[in-house]
Amino acid sequence: MQEREGFNSKLGFILSCVGSAVGLGNVWMFSWRLGRYGGAAFLIPYLLFVFILGTTGLMGEFALGRAKGKGSMAGIKEILDDKKIAGASILSIIPTLGVCGIFLFYNVVVGWVLKYFSMSVVNNFRNIDVETYLDSFLGSNQTIVWLALAITITTIILTFGVSKGIEKANNVMMPTLFLVFIVLLIRALTLPGASEGIKYLLIPKWSYLLDPVTWVMALGQAFFTVSLNGAGMVVYGSYADKSLDIPSSAFNTVFYDALAAILAAFIIIPAAFAFGLDPAAGPTLLFITVPTIFKSMAGGHLFGAIFFGSIVFAAISSTINMMEATSEAFMEKVKWSREKSVIFIGIISFFIAIPLSLNMNLFGNFSDIVTIYIAPLGTLIAAVTFFWVYGIEKVRNEINCGAEKPLGKWFEPLAKYVFVLVSVIVIILGIVYGGIG
């Protein structure tokens, strides 16, 4: 039997997990939600949820992968088969289907980011009407080229494997991303009028904490921002050895993911205030508000290129994880080589995603089905399988293997009851609100 690939270091593992967690949601979704739901007040429920539930979910998914030495689909099926639970084949594939679905529509958006990065490099923001350009670009044939580029970049990285591809890429992209964010932060905070944006972010609007929607959106942001989908982090866990400190790795992943989101907010929101733009503009924040800022800013050509370059890193580091979870499941099933499997998945994904790229209604409907129903269900299936079926005491022992500070018995009810119950609530709230992630 061929020896399973693995990460070379704990740092490489953590940076890869941070890369998976830090994505487009940290930049556009967190920034406008922070702006819309009370500024600093929003941070209270968000940080509460992300550090308690995020770390719990990550520890479970890392441990599931490491315990079974397999990705989500094979690992979950093995556990369910051991207990002779009916429907194991169907249940075990749902988390992987969820992350595969996210990979398909997410790459469409990564294509948009690549397009805007190219425009920022050649200073095209000055030559277009930013507000009308997005509508003319979305759904056009141009998007197919950028979709192909997005998938090709990820495919090439994954053909090199875990240590030489995933780990090496994230070892470069993640430190660079944070350095770039710090440079952009300094520039944004020194813009005339940026102080109003800083106040907007730092002065809590406490009344928002009385609005249940604030807590719902904070829960959704926290739950999805760390890539809890029952597959992505499981496959990374399967490449970790027994000496990995899982609690520390989970905490570091959550910490740096939250830090990236907060840094992005302190770049975008003060800059929006400086140029009289809406800081709670919603998803258009990244593709209309931000280009407008760089179009108006002195030196905006340079800073625009740096900004969108960093967003490319954030996006690609996430698609690496999504594609790896999908490819590993495929490799496990058909026993093909990594190169052959990854290239096959890349080609198939491209052709499936083309209709999503050309039809925005289809794109919206597809992404809603995946993020509201399939992906959260995948998280729940993985949690129930590991915390309930596999056994919570065995889970805690697996998490504590290699841990400098082992978890106490308190973890068991937190994972078995609280986390699983919240996973159910996330699905229900997603359906009620039409998506909270």
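Visitor: Let's start at one spot: which helix does Ile246 lie in?

Guide: Ile246 belongs to helix H12, residues 246-274. Helices here are DSSP runs of H or I with at least four residues, strands are runs of E with at least two, and both are numbered from the N terminus. Before we go on, this is a predicted model, in which local features need pLDDT of at least 70 and side-chain atom pairs count only at pLDDT 80 or more, while totals for chains, interfaces and linings use all residues. Residues are numbered from 1 along each chain as its sequence is written, and side-chain values use heavy atoms, with hydrogens and water left out.

Visitor: Is Ile246 buried or exposed?

Guide: The general idea is relative accessible area: buried means under 20%, exposed over 50%, and partly exposed in between, with a 1.4 Å probe and protein chains only. Ile246 has a relative accessible area of 1%, so it is buried.

Visitor: What does Ile246 touch, apart from residues up to four places away in sequence?

Guide: Contact means heavy atoms within 4.5 Å. By that rule Ile246 touches Met59, Phe62, Ala63, Arg66, Glu398 and Ile399. Take Ile399: it sits 153 residues from Ile246 in sequence, yet their C-alpha atoms are 5.8 Å apart in space.

Visitor: How do I read Ala67 in the same way?

Guide: Ala67 is in helix H3. Its relative accessible area is 24%, so Ala67 counts as partly exposed. Leaving out neighbours within four places in sequence, Ala67 is in contact with Lys242, Phe386, Tyr390 and Glu398.

Visitor: What about Lys199 and Glu332, how far apart are their C-alpha atoms?

Guide: Those two are 133 residues apart along the chain, and 52 Å separates their C-alpha atoms. Lys199 is in helix H9, residues 194-202, and is partly exposed at 44%.

Visitor: Now zoom out. How many helices and strands does the chain have?

Guide: There are 17 helices and 0 strands. The radius of gyration, taken over C-alpha atoms, can be set against a globule rule of 2.2 Å times the number of residues to the power 0.38. The chain comes out at 21 Å, close to the 22 Å that the rule gives for 437 residues, so it is as compact as a globular protein of that length. Its C-alpha trace spans about 60 × 50 × 40 Å along the principal axes.

Visitor: What share of the residues counts as buried?

Guide: That share is 60% of the 437 residues. And of the contacts between residues at least 6 apart in sequence, 84% join residues at least 24 apart.

Visitor: Which residues have the most contacts inside the largest nonpolar core?

Guide: A nonpolar core is a set of buried Ala, Val, Leu, Ile, Met, Phe, Trp, Tyr and Cys residues joined through side-chain atoms within 4.5 Å. The largest one has 157 residues, and Tyr46, Phe307 and Phe387 have the most contacts inside it. Helix H5 (residues 88-121) gives the largest share of this core, 16 residues. Setting aside neighbours within four places in sequence, the contacts of Phe387 include Thr56, Gly60, Phe411 and Val420.

Visitor: Which residues of H4 are buried?

Guide: They are Ser72, Met73, Ala74, Gly75, Ile76, Ile79 and Leu80. Their cover includes helix H3 (40-68), H5, H11, helix H14 (300-334) and helix H16 (360-400).

Visitor: What follows H4, and what is its phi?

Guide: Lys84 follows H4, and its phi is positive, near 55 degrees. Lys84 is in the loop between helix H4 (72-82) and H5, and at 76% relative accessibility it counts as exposed.

Visitor: And where does Ser227 lie?

Guide: Ser227 is in the loop between helix H10 (212-225) and helix H11 (232-238). Its phi is near 65 degrees, again a positive value in a residue other than glycine. Ser227 counts as buried, at 12% relative accessibility.
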